[in-house]
Amino acid sequence: MSETPPVSPEIDALLQEHRVFPPSEAFRAQAAVNDPEVYARAAADPEAFWEGFARELEWMRPWTRVLEWTPPDAKWFTGGTLNASVNCVDRHARSARRNKAALIWEGEPGDRRTLTYFDLFRQVSQFANVLKSLGVTKGDRVALYLPLIPELAIAMLACARIGAVHSVVFGGFSAESLRDRINDSQCRLLVTADGGFRRGHVVALKQVADEAVADTPSIETVIVVQRGQQDIPVVMKDGRDRWYHDLMREASHDCPPEEMDAEDMLYILYTSGTTGKPKGIVHTTGGYLVGTYATAKWVFDLKEDDVYWCTADIGWVTGHSYVVYGPLANGATVVMYEGAPDWPEKDRFWEIVERHGVTIFYTAPTAIRAFMRWGTDWPRRRDLSSLRLLGSVGEPINPEAWIWYHLHIGAERCPIVDTWWQTETGGMMITPLPGLTATKPGSATHTFPGISAEILNDAGEPVPVGGGLLALTKPWPAMLRGIYGDRDRFIKQYFSRWPGGIYFTGDGAKRDEEGYFWLLGRVDDVINVAGHRLGTMEVESALVDHPHVAEAAVVGRSHEIKGQAIAAFVTVKEGVAISEALGEELKKHVAHKIGAIARPDDIIFAADLPKTRSGKIMRRLLRDIAEGKAIGDTTTLADPAVVARLKEQYLAIEG
């Protein structure tokens, strides 16, 4: 069992962030939520609070009870029936939003499509009929292995329309990863594409899918989307493989939606754990839709004329909740972009913001740190004046990255919503409300109204001020309902640490004297140096605080005297010369910021860090390098060659 992460006086000094940014009076005046009493009202009656949002959706039959809670099992909106695709598409297509842009899509080569809500309604209905014609029925699992193209959202909503359970597998995953996920959930049908694009290169998805499906006996049919104009070589297997465009041409636009119980399964999404078998996280229809609808509406302060862009791939939960279900349930205009942020130039994101007039921009700290590294000239080339709200998601954001984002992208006028949540939570749990919350760089601030979070010690006792383990103490509508096919693992993983149905997040956090939450990263990212337990996040923040550092990842390695020593992998900003002297300077900087105990033993300068294709740093691989171990699985990395280069560098340093 992981231990409680420490918060020493030195670390407290690092995280005592005194810069505070209240919302402007102009933003507060127009914000959807600007009454601080919402927190007290939600805390006094959480069920009534969530029920209020549920009433804003369209139900086929009303619920009889808001919540049944038998830890660890929650049932929300018992007896109620609805359909997710109706709430995301039909009800807008029947309204004044009929011809409003639902999806504005851009492919990496520059191809563009816009689908109105009426377009989306017709295509979702057509593809739902395609699935039905191929024998897919309510409860069947459908695997989706696609690039970030409109057909992915269409396929998800079509599954929801007929009651099939979608399981999206990120288009950067290997054949082995795809195969394992299909077999675990026994998917009946796979939807893939001939290929996709990444930094000017074709990613041959169909070839990967063919390799995976060779060992997935449950798959009966493979539907292939023809992605682009380029001729991507594809082998179509007779009797199994069908072209998407051929099937759609023959399909009717009329597909009555399936009436789904609020607790019927909506999707399975596999978390890419560092070890062990991937976990198939189960989300159901009613509670999940209410949770994503509510958080998207309030956290993003959505207005009718907003152009909203979440840069996440739909293969991850952020894309499920805040590219598809949450924004579309709100009737928003959603931007989707297939490619990399630095192709063909490092201003690609800002060019898209400028051209489409994006007003809300939600991205990851990894991307923000990359933008920092590339310098301020790139965003300066573009007109970003349409932006009114910025967001951060995926991991804790370093305070200096937050400030850079605020200054150079938000021009000091845009509130930043730094959000904490997980695949398992379904939606945002700790986040500012932009019209209410005075934000602090690096802090996710407070829980969303109606959410109960505490910092607990190992014994399960609350830590009002200071550090410990982040726990969720009461159920919430969008919470996971299980791990597919593995009840024991579900209980052991999330509900066995403390009694009473308390959910263990696996994250360390601290709370300051004003009640702000500061996420410290996974509790297994803890280094024990001579009896002093240090969270990697604090050391990384100290390194990134140095003006020459763009990004840092810190791991522990065995040390015969101290138990563990700190190894820091560092990338510097463009134009900075790497030298032994800079390494020593960085070590002193960390010691100054945190204390001598946190001084890294090793500084390894790296051109890049090993990251998944979604941008998360794979610290497990860095630990393998630092410990001199055999390198584990690298199939999920954007560039597996990064690991080999780093290992070579590290061995050279160690002599």
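**Before you start**

This is a predicted model: local features need pLDDT of at least 70, side-chain atom pairs count only at pLDDT 80 or more, and totals for chains, interfaces and linings use all residues. Residues are numbered from 1 along each chain as its sequence is written, and side-chain values use heavy atoms, with hydrogens and water left out.

**Stop 1: helix α6**

Select residues 117-133, which form helix α6. Helices (H or I, at least four residues) and strands (E, at least two) are DSSP runs, numbered from the N terminus. The expected span of a helix is 1.5 Å times one less than its number of residues. For the 17 residues of α6 that gives 24 Å, and the end C-alpha atoms are 24 Å apart, so the two agree.

Now colour the buried residues. Buried means under 20% relative accessible area, exposed means over 50%, and partly exposed is in between (1.4 Å probe, protein chains only). In α6 the buried residues include Tyr117, Leu120, Val124 and Phe127. Gly135 follows α6, and its phi is positive, near 90 degrees.

**Stop 2: the nonpolar cores**

A nonpolar core is a set of buried Ala, Val, Leu, Ile, Met, Phe, Trp, Tyr and Cys residues joined through side-chain atoms within 4.5 Å. How many residues does the largest nonpolar core have? It has 140. Select Leu120, Phe127, Leu190, Ile223, Phe300, Tyr325 and Leu328: these have the most contacts inside this core. Helix α7 (residues 150-162) gives the core its largest share, ten residues. Another core, of 31 residues, lies apart from it; among its members are Val307, Trp378, Trp402 and Ile403.

Zoom in on Leu328. Contact means heavy atoms within 4.5 Å. Leaving out residues up to four places away in sequence, Leu328 touches, among others, Asn87, His92, Tyr117, Leu120 and Val334.

**Stop 3: aromatic rings**

A pair of aromatic rings is described by the distance of the centres and the angle of the planes. Rings of Phe, Tyr and Trp (its six-membered ring) pair if their centres lie within 6.5 Å; planes under 30 degrees apart count as stacked, over 60 as edge-to-face and the rest as tilted. By this rule there are 42 aromatic pairs. Select one of them, Tyr267 and Tyr288: this pair is edge-to-face, at 5.1 Å centre to centre with 85 degrees between the planes. Tyr267 is in strand β14 (residues 265-271) and Tyr288 is in helix α11 (residues 285-299), 21 residues apart. Tyr267 is buried at 0% relative accessible area, and Tyr288 is buried at 1%.

Next, select Trp309, Tyr337, Phe349, Trp350, Phe361, Phe371 and Trp374. Ring pairs link these residues into a cluster.

Some rings have a charge over them. That applies if NZ of Lys or CZ of Arg is within 6 Å of the ring centre and within 35 degrees of the ring normal. Arg98 lies over the face of Phe118, at 3.9 Å from the ring centre. Arg497 has its charged end over the ring of Phe504, 4.8 Å from the centre.

**Stop 4**

Two strands pair if DSSP finds at least two bridges between them. Strand β16 (residues 307-310) runs parallel to β18, joined by three bridges. Tyr308 has Ile360 as its bridge partner in β18. Four bridges join β18 to β19, also parallel.

In a regular strand the side chains alternate between the two faces of the sheet. Look at β18 (residues 360-363): Ile360 and Tyr362 point one way, Phe361 and Thr363 the other, and all are buried.

Which residue of β19 is the bridge partner of Thr363? Select Ser392. Ser392 sits in β19 (residues 389-392) and is buried, at 0% relative accessible area. Beyond its neighbours within four places in sequence, its contacts include Tyr362, Pro365, Val417 and Asp418.

**Stop 5**

Most residues other than glycine have a negative phi, and most peptide bonds are trans. Select Pro71 and Pro72: the peptide bond between them is cis, with omega near 5 degrees. Pro72 is in the loop between β1 (65-70) and β2 (73-78). The bond from Trp343 to Pro344 is cis too, with omega near 5 degrees.

Finish at Gln186, in the loop between α8 (175-185) and β8 (189-193). Its phi is positive, about 55 degrees. Is Gln186 buried, partly exposed or exposed? Gln186 is partly exposed, at 42%.
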